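Visitor: I have a chain open and would like to go through it with you. Could we begin with a buried position and work outwards?

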Amino acid sequence: MDRITINVAGKKFVTYWKTIQKLPKTRLGRLTQSSPEYDPDINEFFFDRDPKVVNSILNLYRTRELHLPSTMCGLALKQELEFWDIPEEMISECCWNKYTEQMQERQILNILDKTLGENGTSSETHPSWKEKIWLTMEKPFYSQTAKVWNLIYLIFVLLAIVVFTLSSVRELRVERPNTNSTNTTGPYHSFRTLLESDSHVILFYLDVSCIVFFTLELPLRFVVSPSKKTFFRSFMNLVDLALVFIMWGSFFLDEIVLKNNQSQEVTIIVIVLRSLLSLRILRIFHIARRFDSMKVLFLTYKASIKEIFMLFTVLIIAINIFGTLAYFAEVLAETNTFENIPVALWWAIITMTTVGYGDYYPESIPGYVVGIICALSGLVTLSMPIAIIATNFSAYYSCLPSRKQRHRRCAYMRRHGDTFEVMRVESYEGAQQTDGQVKSNVANGSSVTTAGNTAGDSGCSSTYF
């Protein structure tokens, strides 16, 4: 017979043999009456698949154009196309963005999972006491106790920064007895003022409380950390360790050694240690590390590195052009506004970034013209890459609820002990892409850059649940 009946999950499709043989390398194109799907009793081929996409596939054989149904998820469409052996290159360009939209979201979800971790959940059904403490200290939304702990940690971080800042205010320092404070000028006067005075008693006790808190917090995190090697590979943990030694060293020298021995060597050591104490500002990154929204901001910068590099490249070129033009415009007008070209380049930087300090500015009509063009060029140059960076941030941030749902699904499957494997969906770019690669995909008509791990991870670590 010239006609063939294809039964897909109970829904029958009838077409001609010559139609499906137009693409002989596909699953339908290879069908014969000896195929395992053929039922001779009812003279039809049966497939236990989703029938929604079959109409589109049959139209591909008829028209050589593959238009996908808009009601299906792109990941489900990819699975069906792989089953029917339809290459993605056959997809019509009008359907490509819709098809790849979910692929890109899956890529972003994989990157978020790799960067943000387990979203405050344990990989074990019954975590140990160490893991509970670790999650409490590292994941603010793990439990009510975790929220309280991270609030306390936030308070101490901010308190340490505020105390350090206020300790440099002369009105909040108490001068030590038997010190010569008549010399109020000269080099390192501010440092000498700090060395010859003590912090206010309230600031002193607040500083000591911060030192004690961070001294106890660091070894506790080390004891309960899942991996000691990973703990010491963390830059922020190394900074915390160095800060603990620096704070205690500075405290010891301030309160014991310096009061009894004001030699030049001790003074230099105290100056160095107090300078290094400014590193405590870096503890603010601990707060950013604990909240997903802040991590998304860093991921956005990482994913937008090409756009940022392009922005700086264009700015450098424009700054050199306008700085040089402004210099010669003022020189020819004999205004002597800019002493040399580097000074004119400084003016171009301030003008293009719309800062406008006002320390230098053109005074001639040609200089005014260059200044106007420079300012307008800066606005246009800054606005174009920023739009792309904003799109990247929106793409990452909008995937945070999907990531939470992924972990909810995985946790549900662990609890109920389901015996099926989470299906892996490979990216339309292919599963050969390795960690750290950066690629640009087009979604919804705009370019969105993603960077990170191999796409196609289901999010549940290929576990049999």
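**A conversation about the chain**

Guide: Let us begin with threonine 381, which touches Leu311, Val314, Leu315 and Met352, leaving aside residues up to four places away in sequence. Please keep in mind that this is a predicted model.

Visitor: Where does threonine 381 lie?

Guide: Threonine 381 is part of helix α16, which covers residues 365–398.

Visitor: And is threonine 381 buried or exposed?

Guide: Threonine 381 counts as buried, because its relative accessibility is 11% and the cut-off for buried is under 20%.

Visitor: What lies 2.7 Å from a polar atom of its side chain, then? I still mean threonine 381.

Guide: That is the backbone oxygen of serine 377.

Visitor: Let me step back. How many helices and strands are there in the chain?

Guide: The chain has 17 helices and eight strands. It contains 465 residues, and 41% of them are buried.

Visitor: What about the accessible surface?

Guide: The accessible surface of the chain is about 26,100 Å², and carbon and sulfur atoms hold 62% of that area.

Visitor: And what share of the contacts joins residues 24 or more positions apart?

Guide: Among contacts with a separation of 6 or more, 66% are between residues 24 or more positions apart.

Visitor: On to the sheet. What is the strand order in the open sheet of four strands?

Guide: The order is β2-β1-β4-β3, and the pairing is mixed. The edge strands are β2 (11–16) and β3, each of which pairs on one side only.

Visitor: How do β3 and β4 run, and how many bridges join them?

Guide: β3 and β4 run antiparallel and are joined by two bridges. As for individual partners, aspartate 39 is bridged to glutamate 44 in β4.

Visitor: Which helix lies across β1 and β2?

Guide: That is α2, and its angle to β2 is about 0 degrees.

Visitor: What does leucine 28 touch?

Guide: Apart from residues up to four places away in sequence, leucine 28 touches Ile6, Ile20, Phe47, Ile57, Leu58, Tyr61 and Trp84.

Visitor: One last topic, backbone angles. What is phi at asparagine 43?

Guide: Asparagine 43 has a positive phi of about 55 degrees, and it is not a glycine. For context, most residues other than glycine have a negative phi.

Visitor: Where is asparagine 43?

Guide: Asparagine 43 is in the loop between β3 (38–39) and β4 (44–47). Asparagine 43 counts as partly exposed, because its relative accessibility is 34%.

Visitor: And what about asparagine 336, in terms of phi?

Guide: Asparagine 336 also has a positive phi, near 55 degrees. Asparagine 336 sits in the loop between α14 (305–332) and α15 (341–352).

Visitor: Why does asparagine 336 count as exposed?

Guide: Asparagine 336 counts as exposed because its relative accessibility is 64%, and the cut-off for exposed is over 50%.

How values were computed: Residues numbered from 1 in each chain as written. Predicted model: local features only at pLDDT ≥ 70, side-chain atom pairs only at ≥ 80, totals over all residues. Heavy atoms only, no water. Buried < 20%, exposed > 50% of the residue type's maximum accessible area, 1.4 Å probe, protein only. Contact = heavy atoms within 4.5 Å. Areas by Shrake-Rupley, 256 points an atom, 1.4 Å probe, with all protein chains shown as cover. Polar contact = N/O pair within 3.5 Å; in protein donor to acceptor, adjacent residues only side chain to side chain. Pairing = 2+ DSSP bridges. Axes fitted to C-alpha atoms, helices over the stretch in contact; angles between N-to-C directions.
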